[in-house]
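This report walks through a few places in one protein model, for a reader who has not seen it before.

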Amino acid sequence: MLGSVVHFGVQFIQRLRTYFTNGVTVEGQLAKLTLSKDDLIKQMKLITEDMNNGLAADEETRLKSSIAMLVTYVRNTPSGKESGDFLALDLGGTNFRVLLISIEQNHITMDSKVMPMSKDLMTSDAVTLFDYIAECICNFVKEKNVQDKVLPLGFTFSFPVKMLSLTSGVLVKWTKGFTASGVENKDVVVLLKEALLRKKEYMIEIVGLVNDTTGTLMSCAWEDQEVTIGLILGTGTNACYMERLENVAKWTGKIDEPKQVIINTEWGAFGDNGSLDWIRTEYDREVDANSLNPGNQIFEKMISGMYLGEIVRLVCVHLISKGLLFGGLCTEKIAKRENFLTKYVSDIESGQPERINKVLQELGYDEQKAEDVDRLKQICHVMSERAARLASAGLAAIVKKIGRSCCTIAVDGSLFKKHPKFKTYMESTLSELLPGNTIKLMLSEDGSGKGAALVAAVASQQQT
Ligand code: BGC
């Protein structure tokens with residue numbers, strides 16, 4: 001008797017709560033953000049269509065695709081016989097780096113300097129941005145006492161670039177918060193050369209322009225010949241892979257050996273034509289609407305480090321407004337855009353009480369209830385897993401496209417490196433989608449820098 005009264009009471013309170021929250025429940029909200037295997041199979045089909053259309057010879061078909069499938073002109077992975085001293089530049093996220101890299105057989109040594117990339121520079125103009133880069137290079141070569149040597153330079157520029165050759169390419173569109181004027185539709189190698197000349201720097205010879213995905217693929221392929229895909233999960237996301245020339249209908253060069261070329265998919269833009277609308281949520285739409293490039297990089301905004309924390313914050317704020325989290329208390333800190341760092345998602349997912357407490361304190365929650373901590377853990381888990389599953393479905397589509405049952409994927413980027421569970425989520429999704437295949441995720445140590453030097457090395461060898 002007492003049992004059924006208690007049961008009735010609990011049910012009554014739950015109903016009352018649902019009534020006041022307009023039917024919103026934590027479970028209901030999180031269910032909308034969870035992707036089933038069927039969802040991922042549908043996503044694979046859609047991205048495969050885009051990949052094929054993006055490689056087509058005729059423009060009309062290419063325009064149907066949301067992803068650019070850019071040809072890189074990088075056609076060889078390193079043989080392991082490369083050698084020499086190279087400079088490398090790495091521009092594409094919150095930092096900018098200059099590196100001095102020595103490649104000897106079986107050994108690469110690197111010396112590098114990281115320079116911050118301020119918001120002011122990111123949103124400035126071509127001359128300001130490239131003058132800053134040129135100045136950093138000049139200071140670096142002086143510091144390392146190599147200013148009198150002619151040094152070949154590999155430039156990793158991690159944005160969508162339509163390559164014209166291995167040493168020239170036009171920026172299609174800025175991403176990841178960059179908006180500097182006068183760079184889009186310009187050859188970024190020319191902009192860099194002009195800036196170096198303004199600094200009277202004549203000893204640097206730019207021999208390769210690469211995307212970070214290509215750099216990552218190259219740096220891991222130097223160690224393991226099985227590497228055929230490069231993946232970035234950092235501030236942004238993207239993947240590249242080695243494609244057979246016969247599948248690249250838009251290839252206009254010679255069909256000579258090696259009959260292959262690396263394709264930079266620019267998959268961050270997947271969904272820009274509306275093809276992902278069936279899985280986008282109100283949170284994704286809000287992140288996009290508040291970004292510097294609304295309507296662009298839809299897939300990237302559902303996955304990468306620049307946006308993951310913000311999506312989690314929006315889910316939290318929504319649940320708080322329904323009284324379902326933190327007792328309905330919305331602190332000033334959590335209410336503010338971009339205040340939930342992606343690093344916090346990793347902290348919460350680590351499960352370590354000290355890291356979790358620190359995050360809650362930074363967000364202004366001094367009193368912490370076990371129930372809230374559990375809910376926050378659930379939210380971070382669901383959002384991280386969603387991102388990992390989306391990226392894995394993209395990879396599974398590439399693996400199927402190249403018809404490999406066994407391959408290694410080179411991965412770089414802060415999200416993948418710092419998130420304690422991202423790799424595990426990806427591995428289990430890949431085996432769910434590609435049962436029986438052997439897919440290895442190989443962490444790239446400093447792929448962008450090393451890869452640019454390796455491309456420079458391969459290119460300088462081709463010239464000799
Ligand atoms: C850019 C890609 C880049 C990726 C990862 C994206 O925003 O468009 O070119 O590879 O970020 O850095």
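Leaving out residues up to four places away in sequence, Q29 touches V24, E282, Y283, H318 and L319. The model is a predicted one. Q29 sits in helix α2, which covers residues 26–32. With a relative accessibility of 6%, Q29 counts as buried.

L171 belongs to strand β7, residues 168–171. Its relative accessible area is 0%, and L171 is therefore classed as buried, since the limit for that class is under 20%. Neighbours within four places in sequence aside, L171 is in contact with F157, F159, P160 and V161, and also with V183, E184, N185, K186 and V188. One of these, P160, is eleven residues from L171 along the chain, and the two C-alpha atoms are separated by 6.0 Å.

T424 is part of helix α17, residues 422–433. T424 is partly exposed, at a relative accessible area of 49%. From T424 to A388 the distance in sequence is 36 residues, while their C-alpha atoms are 9.0 Å apart in space.

**The ligand site**

The ligand is surrounded by 14 residues, of which T175, K176, D212, E266 and E300 are the closest. By class, this shell is made up of three nonpolar, seven polar and four charged residues.

| Residue | Distance to a ligand oxygen atom |
|---|---|
| T175 | 2.7 Å |
| D212 | 2.6 Å |
| E300 | 2.8 Å |

On its own, the ligand has 310 Å² of accessible area, and the protein covers 98% of it.

**Cysteines**

How many disulfides does a search of the whole structure find? The search finds zero. A disulfide would need two cysteine sulfur atoms within 2.5 Å. For C136, the closest cysteine sulfur is that of C138, and the 9.2 Å between them is too far for a bond. C136 is buried, with a relative accessible area of 8%. For C380, the closest cysteine sulfur is in C316, at 6.5 Å, which is also too far for a bond. C380 is buried as well, at a relative accessible area of 0%.

**Backbone angles**

Most peptide bonds are trans, and most residues other than glycine have a negative phi. The bond that joins E257 and P258 is a cis peptide bond, with omega at about -10 degrees. P258 lies in a loop, between β10 (237–244) and β11 (260–264).

Y73 is not a glycine, yet its phi is positive, near 70 degrees. Y73 is placed in the loop between β1 (70–71) and β2 (84–91). At a relative accessible area of 29%, Y73 is partly exposed.

K176, named above among the residues closest to the ligand, also has a positive phi without being a glycine, at about 50 degrees. K176 lies in the loop between β7 and α7 (188–198). Is K176 buried or exposed? With 8% relative accessibility, K176 counts as buried, because the class takes in values under 20%.

Note on methods
Residues are numbered from 1 along each chain as its sequence is written. This is a predicted model: local features need pLDDT of at least 70, side-chain atom pairs count only at pLDDT 80 or more; totals for chains, interfaces and linings use all residues. Side-chain values use heavy atoms; hydrogens and water are left out. Buried means under 20% relative accessible area, exposed over 50%, partly exposed in between (1.4 Å probe, protein chains only). A residue is near a molecule or strand if one of its heavy atoms lies within 4 Å of it. A polar contact is a pair of N or O atoms within 3.5 Å; within protein, one must be able to donate a hydrogen and the other to accept it, and residues adjacent in sequence count only if both atoms are side-chain atoms. Accessible areas come from the Shrake-Rupley method with a 1.4 Å probe; for residues, only the protein chains shown count as cover. Ala, Val, Leu, Ile, Met, Phe, Trp, Tyr, Cys and Pro count as nonpolar, Asp, Glu, Lys and Arg as charged, and the others, Gly among them, as polar. Helices (H or I, at least four residues) and strands (E, at least two) are DSSP runs, numbered from the N terminus. Contact means heavy atoms within 4.5 Å.
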